[in-house]
Amino acid sequence: MLVSENNWQVERRRLQNIGRTNVVNILPSSRIEKLQSLIYRLTKTLLVDHEASLPVLQKLQLPFSEVPQKDMWSHIMKTINKSEELQQVIQCEDVKHAFEIIYQSELVLFPISLFRAQFPSNTRSVYGWHQDLGTWWLAENKDIADSSPYTMWLSLNGATRENSLEFAGGRYMYKLEYHRYVKGQGYFAMDNPPAEEHADQFIPDVLPGQAVIFHPLLPHRSKQGKTLMPRYSIDIRFCDKKMRFDGAVNWKFRVRRLLPKRLM
C-alpha cells in the first residue's frame, strides 16, 4: 500500500470538504506496465524515432511525429477499453482499497470506468468545464443516471500543469448544473462554468500511478497541451450500490430528463 491509513483518512476528509484529494500515490510502476506496453504497441508508429530498448514509460512520454488521424484515436480507444490489461488495473486491490476507505461501505464497479487518451489537436479528447454527474444524468439506465460515484483520475504517463486537468473550487459543487450536448462527446458543456481565473483552482502535476479523486459535482476540464505529447489516464469509479443522488439540480436539466427519447 503506497499511502498510509492515516494519510488516507486525511484525504477522505479533504474530499468531503473541498470535493477532491491532493495528488495521491495509488499504484507502483509494476502494476501499470502491462497496460503501458499495450498502449505503446498501439501507438509506436505515431511516435518520433526512438530506440526500441527504451523503458516503456519513456516511450509513452515521447511526442508524436505528427498529428494523428482521428480514426487512429478511435481505434486505440476501443481496443484498450476492451482489453484485459485495462480491467486488471481498474479492479486491482490497491484501487479498490482507496475507494473502500472513502466510502466505508460495500462497493460495486460503476460501468463508466474508461481509458482516456488525449491526442494533440483531437477536439474529441479535450473536455470543457463539466460535472461528471451531468454527463450521465440523462442515461436511460436509472442505476447509472441516479448514481453519484467519486472519480479516480489515474495517470498512466504523467501530466504537467500544461496538459493536466483543471479543477474548480469546492464551492462550485452544490448543484448539478445544466449540461449542453457536445457532438462526439455527450453532455460535457456545463452552463454557468467557473470563472477562467479563480483563487482556488487546482491544476495538478502527476506522475504515472498517481491520481486525484474527486466529487461527481466538482467542475473540471481538460488542459490542452500545446505540444505533440499525448496524455494517457483512466477514469475509475466505484460506488455504494445503495447510494442515490438526491441533491439540487438545475430546473432545465430536470425538465430535459422528463422528455421522451433522451440522449446519453
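Does Asp191 count as buried or exposed, or which class does its relative accessibility put it in? At 14% relative accessibility, Asp191 counts as buried, where buried means under 20% relative accessible area, exposed means over 50%, and partly exposed is anything in between (1.4 Å probe, protein chains only). The model is a predicted one, so to speak: local features need pLDDT of at least 70, side-chain atom pairs count only at pLDDT 80 or more, and totals for chains, interfaces and linings use all residues. Residues are numbered from 1 along each chain as its sequence is written, and side-chain values use heavy atoms, with hydrogens and water left out.

Salt bridges come up a lot here. A search of the whole structure turns up 10 of them, a salt bridge being a side-chain nitrogen of Lys or Arg within 4 Å of a carboxyl oxygen of Asp or Glu. Asp191 takes part in one with Lys252, at 3.2 Å from N to O. This pair links distant parts of the chain: Asp191 sits in the loop between strand E7 (186–190) and strand E8 (210–214), and Lys252 in helix H9, 61 residues apart. Helices (H or I, at least four residues) and strands (E, at least two) are DSSP runs, numbered from the N terminus. Lys252 counts as partly exposed because its relative accessibility is 34%.

Asp143 and Arg244 pair up as well, with their side chains meeting in a salt bridge at 2.9 Å, N to O. Asp143 belongs to helix H8 (residues 142–145) and Arg244 to the loop between strand E11 (238–240) and helix H9 (251–258), so the pair ties together parts that are 101 residues apart in sequence. Arg244, at 36% relative accessibility, counts as partly exposed.

Then there is a network: salt bridges link Arg116, Asp132, Asp235 and Arg237. Within it, the side chains of Arg237 and Asp235 meet at 3.9 Å, N to O. Arg237 counts as buried because its relative accessibility is 2%, and Asp235 counts as buried at 10%.

Glu11 is buried, with a relative accessible area of 10%, and its side chain reaches the backbone nitrogen of Asn22 at 2.9 Å.

Notes: A polar contact is a pair of N or O atoms within 3.5 Å; within protein, one must be able to donate a hydrogen and the other to accept it, and residues adjacent in sequence count only if both atoms are side-chain atoms.
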